Amino acid sequence: MYAIVEISGKQYKVEAGEEVKIPLQAAEAGAELAFDSVMFLESDGDVKVGAPYVDKASVKATVVKHGRERKIIVFKKKRRKRFKSKNGHRQDYTLVKIDDIAVA
């Protein structure tokens, strides 16, 4: 059984027992989260497609930890103009463990 769920404007394919990095959530480690915006659900060949979301379906997850991704370098250069710009940033994330995919 797997589902495609929308979390913070991004879509993730999740299965029970899997760990997923999602954008930073306001929850402490060990807290439980529920995501109700399930867009697609597959269970033993039975497929449910939402319009835009599947009714009465939710994904329950537990927060494992918070962290930061590797640094991304943004380098811009215009040749013959003496222009160079080097910036970088690290994106915050929340690691969650998918506990259950429920359909009522």
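1. A charge sits over a ring here if NZ of Lys or CZ of Arg is within 6 Å of the ring centre and within 35 degrees of the ring normal. With that rule in hand, look at K13: its charged end sits over the ring of Y2, 4.5 Å from the centre. K78 does likewise with F83, its charged end sitting over that ring at 5.6 Å from the centre.

2. Before going further, a word on the source: this is a predicted model, so local features need pLDDT of at least 70 and side-chain atom pairs count only at pLDDT 80 or more, while totals for chains, interfaces and linings use all residues. Residues are numbered from 1 along each chain as its sequence is written, and side-chain values use heavy atoms, with hydrogens and water left out.

3. Back to Y2, which is found in strand β1 (strands are DSSP runs of E, at least two residues, and helices are runs of H or I, at least four, both numbered from the N terminus). Y2 counts as partly exposed because its relative accessibility is 22% (buried is under 20% relative accessible area, exposed over 50%, partly exposed in between, with a 1.4 Å probe and protein chains only). Leaving out neighbours within four places in sequence, Y2 is in contact with K13, V14, E15, F40, L41, E42 and I101 (contact means heavy atoms within 4.5 Å).

4. Which strands make up the open sheet, and in what order? There are four, running β2-β1-β5-β6 with antiparallel pairing (two strands pair if DSSP finds at least two bridges between them). The edges are β2 (10–15) and β6 (46–49), each pairing on one side only. From one strand to the next the twist averages 15° (axes are lines fitted to C-alpha atoms, for helices over the stretch in contact, and angles run from 0 to 180 degrees between N-to-C directions). Strand β1 (residues 2–7) pairs with β2 in the antiparallel sense over six bridges, and A3 stands opposite V14 in β2.

5. How many salt bridges are there? The count comes to two (a side-chain nitrogen of Lys or Arg within 4 Å of a carboxyl oxygen of Asp or Glu). In one of them, the side chains of K21 and E69 meet at 3.8 Å, N to O. That pair links distant parts of the chain: K21 lies in strand β3 (residues 19–23) and E69 in the loop between β7 (57–68) and β8 (72–78), 48 residues apart. K21 is partly exposed because its relative accessible area is 42%, and E69 is partly exposed too, at 29% relative accessibility.

6. D92 forms a salt bridge with R68, and the closest N and O atoms are 3.1 Å apart. Here as well distant parts of the chain are linked, with D92 in strand β10 (residues 92–103) and R68 in strand β7, 24 residues apart. D92 has 32% relative accessibility, so it counts as partly exposed; R68, at 47%, is also partly exposed.

7. Last stop, N87, in strand β9 (residues 83–89). Buried or exposed, or in between? N87 counts as partly exposed because its relative accessibility is 49%. Not counting residues up to four places away in sequence, N87 touches I72, I73 and V74. The C-alpha atoms of N87 and V74 are separated by 5.0 Å, though the two residues are 13 apart along the chain.
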